Amino acid sequence: MQVVQAKRGVQKLARAGYASKGIVYMLLGVLAFMAAFELGSASADASRGGVFKMVRDAPAGGTLLLLLAVGLFGYVAWRMVQAFAPAYGHEHKKSKRALYFLSGLGYAGVAVAALNMALGKSSSGGGNSQQTLAATLLDKPGGQWLVGIVALIMLGTGIYQLYYGWTEQYRKHVNEGQVHTPHASLLVRSGKVGYIARGIVWIILAYLLLRAAMHANASEAGDTSEAFQFLEGSPMGSYLLGAVGLGFVAYGIFNFLRARYERF
């Protein structure tokens with residue numbers, strides 16, 4: 001009985017986590033799309049901090065943002081369960097469990113930023129984490145090399161995200177068969193578009209971080225907002241940024257469907 005209750009508790013954490021992650025990506029995609037075509041005043045803050053501000057400024061926004069933060073902590077907990085209790089995961093390899101752990105750590109920072117803003121302790125949504133990382137590493141011996149190594153890891157991650165989405169590798173890790181037929185098609189398509197959009201942004205973030213390493217200038221690193229600005233400044237930039245924004249919305253939908261239908 002206790003085992004069954006524990007499994008149900010884990011499932012609730014996973015569902016809340018994926019739903020909260022979906023909200024963040026969907027709103028981030030909306031902000032990027034608005035920035036691309038200069039809709040409203042969103043162009044200045046198309047970042048996770050901008051997402052949290054959007055939620056906070058809505059009716060009952062403080063409560064909603066607090067719930068979002070709790071859901072994100074649920075996702076962190078789910079990743080840690082996958083890392084340390086492989087029976088709940090889809091992989092038993094140590095490398096995959098390490099990735100789950102690192103993913104959990106990354107989203108822990110996002111969850112803390114959301115919680116701080118919900119509690120009125122921060123208005124910036126956590127600042128530019130890439131610049132903070134670059135500045136910290138540049139202060140250490142061989143700092144430029146360290147930042148360059150991190151940038152190459154990010155580049156590899158971005159390329160893998162493109163491959164993962166284009167070849168639909170994610171279908172091995174979701175219980176597609178549990179989704180009703182029309183939703184199964186949406187799950188596959190939204191996942192493909194979403195992972196490709198994420199891969200593009202990761203590659204841009206890697207480039208910005210590599211540039212910061214080469215010039216020993218942490219301010220040249222960038223977060224999602226700077227990646228969007230980079231896209232917007234390229235040829236056909238508004239259309240590219242709009243497409244990536246829609247890709248993020250698709251990734252949000254992908255996470256909603258996983259939260260609703262997947263068996264964890």
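A216 is located in the loop that joins α7 to α8; helices here are DSSP runs of H or I with at least four residues, strands are runs of E with at least two, and both are numbered from the N terminus. The model is predicted, with local features requiring a pLDDT of at least 70 and side-chain atom pairs a pLDDT of 80 or more, whereas totals for chains, interfaces and linings use all residues. Residues are numbered from 1 along each chain as its sequence is written, and side-chain values rest on heavy atoms, with hydrogens and water left out.

The phi angle of A216 is near 50°, a positive value in a residue other than glycine. A216 has a relative accessibility of 45% and is partly exposed, where buried means under 20% relative accessible area, exposed over 50%, and partly exposed in between (1.4 Å probe, protein chains only). A positive phi, of about 60°, is also found at M236, which is not a glycine. M236 belongs to the loop between α8 and α9 (237-261). With a relative accessible area of 59%, M236 is exposed.

The protein chain contains nine helices and zero strands. Its order of elements from the N terminus is α-α-α-α-α-α-α-α-α. Of the 264 residues in the chain, 44% are buried. Among contacts (heavy atoms within 4.5 Å) with a separation of 6 or more, 70% involve residues 24 or more positions apart. K7 is part of helix α1 (residues 2-36), and its relative accessible area of 44% makes K7 partly exposed.

The largest nonpolar core comprises 64 residues, and F52, L72, W78, F228 and F248 have the most contacts inside it. Such a core is a set of buried Ala, Val, Leu, Ile, Met, Phe, Trp, Tyr and Cys residues joined through side-chain atoms within 4.5 Å. The greatest contribution to this core comes from α7, with twelve residues. When neighbours within four places in sequence are set aside, L72 is in contact with S20, K21, V24, F52, V110, A111 and A114.

F228 is also one of the buried residues of helix α8 (residues 224-232), along with T224, S225, A227 and L231. Viewed down the axis of α8, the buried residues fall within an arc of 160°, so they line one face of the helix; the arc is taken over the directions from the helix axis to the C-beta atoms. In general, an α-helix has 3.6 residues a turn, so residues three or four places apart point the same way.

Helix α5 (residues 129-138) packs against α6 at an angle of about 145°, the two axes being 7 Å apart. The residues in contact are Q130, L133, A134, L137 and L138 on α5, and G143, Q144, L146, V147, V150 and M154 on α6. By class, this contact of α5 with α6 comprises eight nonpolar, three polar and no charged residues. Here, axes are lines fitted to C-alpha atoms, for helices over the stretch in contact, and angles between N-to-C directions run from 0 to 180 degrees. Ala, Val, Leu, Ile, Met, Phe, Trp, Tyr, Cys and Pro count as nonpolar, Asp, Glu, Lys and Arg as charged, and the others, Gly among them, as polar.

Five salt bridges are present in the structure, each defined by a side-chain nitrogen of Lys or Arg within 4 Å of a carboxyl oxygen of Asp or Glu. One of them pairs the side chains of R56 and D57 at 3.5 Å, N to O. R56 is partly exposed, at 29% relative accessible area, and D57 is exposed, at 57% relative accessibility. In another salt bridge, the side chains of E168 and K192 meet at 3.6 Å, N to O. E168 lies in the loop between α6 (143-166) and α7 (181-215) and K192 in helix α7, so this pair ties together parts that are 24 residues apart in sequence. E168 is partly exposed, with a relative accessible area of 22%, and K192 is likewise partly exposed, at 23% relative accessibility. Salt bridges with shared partners join E168, R171 and K192 into one network. The side chains of R258 and E262 form a further salt bridge at 2.7 Å, N to O, and both R258 and E262 are buried.
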